[in-house]
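Biologist: Before we discuss particular residues, could you put the model on the screen so that we can go through it together?

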Amino acid sequence: MTVRSLLFATIAATAGCASSGSDDISRTVVAEPGGGGEFVVGALADSALPKGDCGMVLWTLEAERPAPIFRLIANKGGEIMLDGRLVKLALGESSGAAGFGVFESQALSAEGIEATVKVRFGLGFDGGSYLERGLLSIESAAGWRSVIPAAGIAGCRTK
């Protein structure tokens, strides 16, 4: 299976689940804490970009099914489900190539949490681009870190 077909399958499988508002998807544990870590990362109940905004959505394949774990809305911030609650992250520094309000490397923070998102832009499509080799790192004030490999899309939603 090519990277492109894998991403299409991931996006298709996740889109229906994420938009349904089902309690099952919001309780899905995507990443357990490892090595005594603090975070349990869950799937976002709503991973769609708002109409008129640009940004990115990252999915992981670590669970039994693809799950949306991170959403960034350009110039507004990011969201992630940590320990069963939605955490809104403020944008900090960004660097590298950019498209659709997304950079190759972005730092975000909130409530004693530091997050770093690193992505590599892949094939483009009308209104967006696939994100390959994504990596989401979350670090607590106590020094525990969770690192989650991910893939996703960056783009703008007009409708």
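**A buried arginine, a disulfide and some loops**

Modeller: Arg71 lies in strand β4, and since this is a predicted model, every value I give for this residue and for others is computed from the predicted coordinates.

Biologist: Is Arg71 buried or exposed, and what is its relative accessible area?

Modeller: The cut-off for a buried residue is under 20% relative accessible area. Arg71 falls below that cut-off and therefore counts as buried, its relative accessible area being 8%.

Biologist: Which residue has a side chain that makes a polar contact with the side chain of Arg71?

Modeller: Apart from neighbours within four places in sequence, Arg71 is in contact with a set of residues including Leu44, Asp46, Met56, Val57 and Gly78. Ala48 also belongs to that set, and its backbone oxygen lies 2.3 Å from a polar atom of the Arg71 side chain. The side-chain to side-chain polar contact, at 2.6 Å, is made with Glu79.

Biologist: Strand β4 pairs with β3; which residue of β4 is the bridge partner of Trp59?

Modeller: The two strands, β3 and β4, run antiparallel and are paired over 6 bridges. Within this pairing, the partner of Trp59 on the β4 side is Pro68.

Biologist: How many of the 7 residues of β3 are buried?

Modeller: Strand β3 pairs with β4, and 6 bridges also join β3 to β10, residues 145-156, in the antiparallel sense. The rest of the structure largely encloses β3, because the number of its 7 residues that are buried is 6.

Biologist: What is the distance between the sulfur atoms of the disulfide formed by Cys54 and Cys156?

Modeller: Cys54 and Cys156 are bridge partners, the latter in β10. Sulfur atoms of two cysteines must lie within 2.5 Å to count as a disulfide, and by this rule the count comes to 1. The pair links distant parts of the chain, with Cys54 in strand β3 and Cys156 in strand β10, 102 residues apart. The sulfur atoms of Cys54 and Cys156 are separated by 1.9 Å.

Biologist: What is the handedness of the link between Cys54 and Cys156?

Modeller: Cys54 is partly exposed at 22% relative accessible area, and Cys156 is likewise partly exposed at 35%. The link of Cys54 and Cys156 has 100° about the S-S bond and is right-handed.

Biologist: Where is Leu61, and how far in space is its C-alpha from that of Ala151?

Modeller: Leu61 sits in the loop between β3 and β4, where its relative accessibility of 45% makes it partly exposed. Although Leu61 and Ala151 are 90 residues apart in sequence, their C-alpha atoms are separated in space by 8.5 Å.

Biologist: What is the phi of Asp83, approximately?

Modeller: Most residues other than glycine have a negative phi. Asp83, found in the loop between β5 and β6, is partly exposed, with a relative accessible area of 47%. Asp83 is not a glycine, yet it has a positive phi of about 50°.

Biologist: Arg133 also has a positive phi; which strand holds Arg133?

Modeller: Phi of Arg133 is near 50°, and with 64% relative accessibility this arginine counts as exposed. Its place is within residues 128-140, which form strand β9.

Notes
Residues are numbered from 1 along each chain as its sequence is written. This is a predicted model: local features need pLDDT of at least 70, side-chain atom pairs count only at pLDDT 80 or more; totals for chains, interfaces and linings use all residues. Side-chain values use heavy atoms; hydrogens and water are left out. Helices (H or I, at least four residues) and strands (E, at least two) are DSSP runs, numbered from the N terminus. Buried means under 20% relative accessible area, exposed over 50%, partly exposed in between (1.4 Å probe, protein chains only). Two strands pair if DSSP finds at least two bridges between them. A polar contact is a pair of N or O atoms within 3.5 Å; within protein, one must be able to donate a hydrogen and the other to accept it, and residues adjacent in sequence count only if both atoms are side-chain atoms. Contact means heavy atoms within 4.5 Å.
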